[in-house]
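Please walk through this structure from its overall fold to its charged side chains. The paragraphs below take the topics in that order.

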Amino acid sequence: MTRLRTGDELPEQRFAVTRADLVRYAGASGDRNPIHWSDRIATSVGLPGVVAHGMFTMALAARALDVWAGSPGRVREIGCKFTKPVVVPDDERGAEVVVNGRVAEVDDGQARITLEVTCAGEKVLGAAKAVLEIA
Amino acid sequence: MAVDASLAGRTFPPTAPYLVTEERVAEFAAATGSAYDGGAAPATFPIVVAFAAMTALMDHPDVGIELHRVVHGEQRFRYRRPVVAGDVLRATLTVDTLRQVGGADIIGTRSEITDAGGQEVCTAYATLVHRGAAA
């Protein structure tokens with residue numbers, strides 16, 4: 001496993017998000033809110049179109065953390081604000097979520113990570129942070 | 001109409017026990033593209049249990065929440081130990097904070113997620129934004 005040190009910039013992770021992913025996540029998570037699969041309903045509440053579940057985007061951040069930590073099961077804390085929705089077009093490419101991270105502090109076998117999560121150059125998660133067990 | 005002020009500080013009954021199965025975790029992992037080797041569930045998996053507690057809060061007749069006006073503002077998980085298949089989890093939700101900002105109710109919730117033995121597994125903090133009627 002890569003040793004994490006304070007100040008380390010972690011390798012960027014990029015994730016494609018398609019409509020099919022949102023349908024699958026709706027089933028897997030139990031969140032069947034129609035703004036995540038119906039353009040008609042999403043636009044009726046003022047959204048540009050179908051948007052990803054905030055929790056789905058957060059799951060992508062958690063996935064990046066597992067990669068940086070070297071294995072799953074090392075996330076002790078993870079949190080974020082849902083700043084901007086990730087709009088997912090109904091095509092083969094979908095949207096792309098980009099996750100970057102920086103090691104803010106290493107202390108007592110734990111690394112505090114600050115995350116930057118964007119889509120089309122805009123921040124989608126705010127104040128995104130995590131604590132990884134690295135001992 | 002704003003959410004009932006007496007909601008602040010209120011603790012709701014625990015959710016029905018939720019058996020974590022390997023199949024469900026594997027499906028959640030597949031839906032989010034997360035690694036899963038039969039060990040620790042992905043870090044955002046407990047949303048499946050916390051969501052049940054939040055839905056119970058939002059559906060409660062005394063509380064005055066209109067579901068179509070609710071937006072997930074913020075989410076955080078803090079772990080005592082990873083969730084694994086075989087865990088039987090219950091979430092006990094408390095409304096920690098309730099404030100009004102610009103006609104919206106900002107509801108700060110904390111769900112203590114415990115296992116069959118009553119031991120703490122993780123705490124899920126969720127902020128729900130209930131938009132005002134005029135919005």
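**From fold to charges**

Chain A runs β-α-α-α-β-β-β-β along its sequence. That makes three helices and five strands. Helices (H or I, at least four residues) and strands (E, at least two) are DSSP runs, numbered from the N terminus. The radius of gyration of chain A is 16 Å, close to the 14 Å that the globule rule gives for 135 residues, so chain A is as compact as a globular protein of that length. This radius is taken over C-alpha atoms, and the globule rule is 2.2 Å times the number of residues to the power 0.38. Along the principal axes, the C-alpha atoms of chain A fill a box of roughly 50 × 30 × 25 Å.

The model is predicted: local features need pLDDT of at least 70, side-chain atom pairs count only at pLDDT 80 or more, and totals for chains, interfaces and linings use all residues. Residues are numbered from 1 along each chain as its sequence is written, chains are lettered from A and ligands numbered from 1 in the order in which they are written, and side-chain values use heavy atoms, with hydrogens and water left out.

Burial comes next. Of the 135 residues of chain A, 48% count as buried. Buried means under 20% relative accessible area, exposed over 50%, and partly exposed in between (1.4 Å probe, protein chains only).

Now the salt bridges. The whole structure holds 15 of them over all chains. Each is a side-chain nitrogen of Lys or Arg within 4 Å of a carboxyl oxygen of Asp or Glu. One of them joins A:D8 and A:R5 at 3.8 Å, N to O. A:D8 is buried at 19% relative accessible area, while A:R5 is partly exposed at 46%.

A:R19 pairs with A:D39, their closest N and O atoms being 3.0 Å apart. A:R19 lies in helix α1 (residues 19–29) of chain A and A:D39 in helix α2 (residues 39–44), so the pair ties together parts that are 20 residues apart in sequence. A:R19 is buried, at 15% relative accessibility. A:D39 is partly exposed, at 33%.

In chain B, B:R110 bridges to B:D96, with closest N and O atoms 2.9 Å apart. B:R110 sits in strand β4 (residues 104–114) and B:D96 in strand β3 (residues 88–101), 14 residues apart. B:D96 counts as partly exposed at 38% relative accessibility. Back in chain A, salt bridges with shared partners join A:E12, A:R14 and A:E96 into one network.
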